[in-house]
Structures are given as C-alpha cells and as structure tokens.
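I opened this notebook to record what I looked up in the structure, entry by entry. The notes follow the order in which I worked.

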Amino acid sequence: AMRSAFCLTLLACQLSPADAPAGPWLREEGTTFISSSFSATYFYDLSQSTYIEYGLRETLTLGFDLNTAQSRFGQQSGHATVFLRLPLGEPTELGRWAYDIGAGASWSGDLISSHLRAGLSWGRGFTLGARNGWLTVDTSARWEFGFSQEVIKIDSTAGLDFTPVTTGMAQVFLTYTGGETYAKFAPSIVLSPSFSKYRLQLGSEIPIDAPENTALTLSLWREF
C-alpha cells in the first residue's frame, strides 16, 4: 500500500509545475526570489507549487520548495523541502557549480513520509549574437524514509533572451524511481513587462511517454 501510494505521489509530482530554474547561482545577501506556479491537464489533474530563495549571505542561500497536486481521481499528494545552497569551487569560463542539502516531508492521502534531499547544480551564461542565454543542469536525490524509496531527478534548462521583455526556455525533466524513468519536455516563454515587477512564464509540460497528459502551466516570478 505504501509503495502504491508513493507511486501515486510520484505521478502527481510528475504533473507538478516546474520550479523556476534554480541553477548554481546564489541569491545576493538580503534579496528574495519567489515563484508561484499552477498547472492543469485536459483531464483536470491540477497542481501548484511555491518556490522561495533568500540570500542569507553571499555564499549561502536558504530555500523552500512546496508542491501540491490533485489527480483527476481526487487523490491529493505533495512534498515540501527546506534547503541550503552553497557554492562549490570558484566560477570558471566553463561555468559554476553549487550544491544543496535539505529535509522535508512528502504525503499521499493520509500517508506522510519524511525525506532528505541532496542536489548538485551546474550552469553558465552564453551569448548568441547580441542575445544573452544560459544553460543549467540541476540534479537531486531525495530519500523517502516512510515510503522506502528514493527519487533521482535531472532537470536541464536552456534559456535565450529574444527581446528585452521576452525570453524563451526549453527544459527536459528526467525522474527515476522504483525502477522506472519518467521524462518530460517543457517549452515556455517568459515575459518581463517594463511596467511590472513580476515576470510571467507561460508554457506546457509534455510527458514523453504519455503526451495526452500534457499540462499547461502558468508561473509568476518576483525578485525583491
């Protein structure tokens, strides 16, 4: 029962909107980044996420990651993690690295599991003509003690500024757990209107093996 409940949790989290690309960059001291996302499929699988980063010091970022989901059958699940991100070595022309460690809880229906999470991130900026872009790879392992499972994730992101107010993003999300691998492709556009302090991300997330479960996503980002 626990294993099947965990599988439901995982499938729901596959529908969760992606966080804003974290990457290896740390927040400046005293600054905050908040992302709030919502997604829905044609079959009315719903999910939402809240992601927060705060710069405690130049070399230490505190973060909070909350995902909740409700399947088309009414099954509710989610997970929440508090984490710390630290730089790994010095930045070079090949990019920069950071690692994070965190702890939290996952739930599926009435079942709750504590978890630990460890992550490693790489990223670098680039220019394409007069346009700026970036590449990131975020990897993480989450150990679910109550469900006796681990979840390994590899999230890759490529972004490119089209204009001062529009940015294109392409992301690939890989999740491995219980002997199964799940893959999603997520194209999106990010709008940064000059009259607002918010950035708006509009996109979709397409499960490679089940495109009929494609979700439309809407995210709001803000830094202050």
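**Entry 1**

I began with Tyr44, which counts as exposed because its relative accessibility is 58%. The model is a predicted one. I located Tyr44 in the loop between β1 and β2. I then read its backbone angle: Tyr44 has a positive phi of about 70°, although it is not a glycine. I noted this angle because most residues other than glycine have a negative phi.

I found a positive phi at Ser148 as well, of about 50°, and Ser148 is not a glycine either. Ser148 sits in the loop between β7 (131–144) and β8 (149–163). With a relative accessibility of 58%, Ser148 is exposed.

**Entry 1. Fold and overall dimensions**

I next turned to the whole chain. Its secondary structure comes to 1 helix and 12 strands. Read from the N terminus on, the order of elements is α-β-β-β-β-β-β-β-β-β-β-β-β. The radius of gyration is 17 Å, close to the 17 Å that the globule rule gives for 224 residues, so the chain is as compact as a globular protein of that length. Along the principal axes, the C-alpha atoms fill a box of roughly 55 × 35 × 30 Å.

I recorded two further totals. Of the 224 residues, 42% count as buried. Among contacts between residues at least 6 apart in sequence, 48% join residues at least 24 apart.

**Entry 2. Confidence**

I checked how far the coordinates can be read. The mean pLDDT of the chain is 90, and 91% of its residues reach 70 or more. I marked residues 14–19, over which pLDDT stays under 50. For residues 14–19 the model has 33 contacts beyond four places in sequence.

**Entry 3. Aromatic pairs**

How many aromatic pairs does the count come to? I noted 4 aromatic pairs.

Are Phe33 and Trp221 buried or exposed? Phe33 is buried, with a relative accessible area of 3%. Trp221 counts as buried because its relative accessibility is 6%, and the cut-off is under 20%.

I then grouped the rings. Phe33, Tyr51, Phe83 and Trp221 form one aromatic cluster.

**Entry 4. Arginines over rings**

I looked for charges over ring faces. Arg117 lies over the face of Phe83, at 4.9 Å from the ring centre. Arg222 lies over the face of Tyr198, at 5.3 Å from the ring centre.

**Entry 5. Nonpolar core**

Which residues make up the largest nonpolar core? I listed 8 residues: Ala22, Phe33, Tyr51, Phe83, Trp134, Met169, Val190 and Trp221. In soluble globular proteins, nonpolar side chains tend to be buried together.

Leaving aside residues up to four places away in sequence, Val190 touches Val165, Thr166, Thr167, Met169, Arg199, Leu200, Gln201 and Trp221.

Leu174 is in strand β9 (residues 166–177), and I classed Leu174 as partly exposed because its relative accessibility is 34%. Beyond four places in sequence, Leu174 touches Ile152, Lys153, Ile154, Asp155, Tyr182 and Ala183.

Pro91 lies in strand β4 (residues 76–92). At 44% relative accessibility, Pro91 is partly exposed. Pro91 and Arg124 are 33 residues apart in sequence, and their C-alpha atoms are 9.1 Å apart in space.

Note on methods
Residues are numbered from 1 along each chain as its sequence is written. This is a predicted model: local features need pLDDT of at least 70, side-chain atom pairs count only at pLDDT 80 or more; totals for chains, interfaces and linings use all residues. Side-chain values use heavy atoms; hydrogens and water are left out. Rings of Phe, Tyr and Trp (its six-membered ring) pair if their centres lie within 6.5 Å; planes under 30 degrees apart count as stacked, over 60 as edge-to-face and the rest as tilted. Buried means under 20% relative accessible area, exposed over 50%, partly exposed in between (1.4 Å probe, protein chains only). A charge sits over a ring if NZ of Lys or CZ of Arg is within 6 Å of the ring centre and within 35 degrees of the ring normal. A nonpolar core is a set of buried Ala, Val, Leu, Ile, Met, Phe, Trp, Tyr and Cys residues joined through side-chain atoms within 4.5 Å. Contact means heavy atoms within 4.5 Å. pLDDT is the predictor's confidence in each residue, from 0 to 100. Helices (H or I, at least four residues) and strands (E, at least two) are DSSP runs, numbered from the N terminus. The radius of gyration is taken over C-alpha atoms; the globule rule is 2.2 Å times the number of residues to the power 0.38.
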